[in-house]
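Dear colleague,

I am handing over the structure below, together with some notes on what turned up when I went through it. Please read them with the sequence and the coordinates open beside you.

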Amino acid sequence: MSRKLDGKVALITGSGRGIGRSIALKLASEGARIVINDLDLEPANETVELIRAAGGQAVTCIGSVTAPDFAERFIGTAVNEFKGLDIIVNNAGYTWDAVVQKMTDEQWYAMLDCHLTAPFRILRAAQPVIRSLDKAEAAAGQRVVRKVVNISSVAGLFGNAGQANYSAAKAGIVGMTQTLAKEWGRMNVTVNCVAYGFIKTRLTVSAAGASTANIEGREIKVGVNPDLMAMMERSIPMGRGGTPDEAAGAVYLFCIPESDYVSGQTLMCSGGLTGI
């Protein structure tokens with residue numbers, strides 16, 4: 001029995017761990033060949049090995065999505081290794097919080113660079129490749145639908161105290177999604193967005209301030225205060241935070257043929273939470 005994504009080439013930023021890894025494993029399980037990206041080689045290789053062990057195909061493209069040359073390297077990896085480009089998931093990200101009066105320019109621009117400028121550059125670099133493939137397919141009488149899934153957040157839809165930078169970037173990605181849906185529809189590309197609520201990952205499950213993550217040379221405090229976490233989960237209609245695999249499922253919905261006529265949409269994956 002054929003799988004829904006057999007032969008497709010999927011690029012996923014931040015896919016060495018957490019939600020990104022779950023997305024990669026899910027798409028690979030349906031036959032997609034995956035370009036894995038992470039800041040660090042070790043987790044990226046771990047994801048590749050998991051995919052290969054299950055009979056799939058995957059390669060790595062290591063580095064920061066904010067690097068000036070990253071977008072071209074990322075797209076080039078897909079074209080050089082797999083001779084195609086079908087799905088792009090702009091997933092990489094983290095938070096660096098402060099109330100506005102204490103937020104530095106560095107914090108502000110770090111969030112915009114990671115969550116908004118990096119996806120813009122990746123999609124800009126992908127456009128000539130997609131246009132060329134689409135023209136060749138049209139000339140051959142073929143119609144191939146490609147997929148872009150951008151990742152936003154409930155913070156981008158409703159705002160969140162202490163996250164002016166992150167919320168602004170995540171609101172921006174919604175606007176970019178809607179714009180590219182209009183620009184790229186003629187190339188048979190759907191462009192959609194998934195806005196996550198509280199998903200339990202390494203960046204959220206640690207006690208607030210108890211641990212840090214080294215992100216592009218910065219030691220960023222990660223985690224959520226346990227009392228705050230409990231309060232957050234009580235506010236979720238389903239009574240709990242989501243898992244990375246559940247988060248991946250929402251992205252998967254936008255990658256399969258059943259969503260070929262859905263574009264410009266933002267899907268909340270939040271356990272029923274409709275505000276903050």
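This is a predicted model: local features need pLDDT of at least 70, side-chain atom pairs count only at pLDDT 80 or more; totals for chains, interfaces and linings use all residues.

Asparagine 188 sits in the loop between α6 and β6 (189-196), and although it is not a glycine, it has a positive phi of about 60°. Most residues other than glycine have a negative phi, which is the reason for listing such cases. Lysine 83 is another of them, being a residue other than glycine with a positive phi of about 60°. Lysine 83 is found in the loop between α3 and β4, and with a relative accessible area of 66% it is exposed.

Turning to the helices, α4 (residues 105-139) packs with α6 (residues 164-184) at an angle of about 15°, their axes lying 7 Å apart. Since angles under 35 degrees count as roughly parallel, α4 is roughly parallel to α6, and the crossing of the two is right-handed. On the α4 side, the residues making the contact include Trp108, Met111, Leu112, Leu116, Phe120 and Leu123, while those contributed by α6 include Tyr166, Ile173, Met176, Leu180 and Trp184. By class, this contact between α4 and α6 has 16 nonpolar, five polar and one charged residues.

Helix α4 also meets helix α3 (residues 70-82), where the two axes come within 8 Å and cross at roughly 40°. The two helices are therefore oblique to each other, and α3 passes α4 in a right-handed crossing. Here the contact is made by Phe70, Ala71, Glu72, Phe74, Ile75 and Val79 of α3, together with Arg121, Ile122, Ala125, Ala126 and Val129 of α4. In terms of class, the contact of α3 with α4 has nine nonpolar, no polar and two charged residues.

Also in helix α4 is glutamate 137, which is buried, as its relative accessible area is 10%. The side chain of glutamate 137 makes a polar contact with that of arginine 146 at 2.6 Å. Not counting residues up to four places away in sequence, glutamate 137 touches Gln142, Val144 and Arg146.

Asparagine 90 lies in strand β4 (residues 87-90) and counts as buried because its relative accessibility is 5%. Its side chain makes a polar contact with the side chain of asparagine 150 (2.8 Å). Setting aside residues up to four places away in sequence, asparagine 90 touches Thr13, Pro119, Ile122, Leu123, Val149, Asn150 and Ile151. Between the C-alpha atoms of asparagine 90 and arginine 240, which are 150 residues apart along the chain, the separation is 25 Å.

Threonine 13 is placed in the loop between β1 (9-12) and α1 (18-29), and at 2% relative accessibility it counts as buried. The side chain of threonine 13 reaches the backbone nitrogen of alanine 92 at 2.8 Å. Apart from neighbours within four places in sequence, threonine 13 is in contact with Asn37, Val65, Phe70, Phe74, Val89, Asn90, Asn91, Ala92 and Ile122.

Notes:
Residues are numbered from 1 along each chain as its sequence is written. Side-chain values use heavy atoms; hydrogens and water are left out. Axes are lines fitted to C-alpha atoms, for helices over the stretch in contact, and angles run from 0 to 180 degrees between N-to-C directions. Helices (H or I, at least four residues) and strands (E, at least two) are DSSP runs, numbered from the N terminus. Angles under 35 degrees count as roughly parallel, over 145 as roughly antiparallel, 65 to 115 as roughly perpendicular and the rest as oblique. A crossing is left-handed if the near helix is turned anticlockwise from the far one by less than a right angle, and right-handed if clockwise. Contact means heavy atoms within 4.5 Å. Ala, Val, Leu, Ile, Met, Phe, Trp, Tyr, Cys and Pro count as nonpolar, Asp, Glu, Lys and Arg as charged, and the others, Gly among them, as polar. Buried means under 20% relative accessible area, exposed over 50%, partly exposed in between (1.4 Å probe, protein chains only). A polar contact is a pair of N or O atoms within 3.5 Å; within protein, one must be able to donate a hydrogen and the other to accept it, and residues adjacent in sequence count only if both atoms are side-chain atoms.
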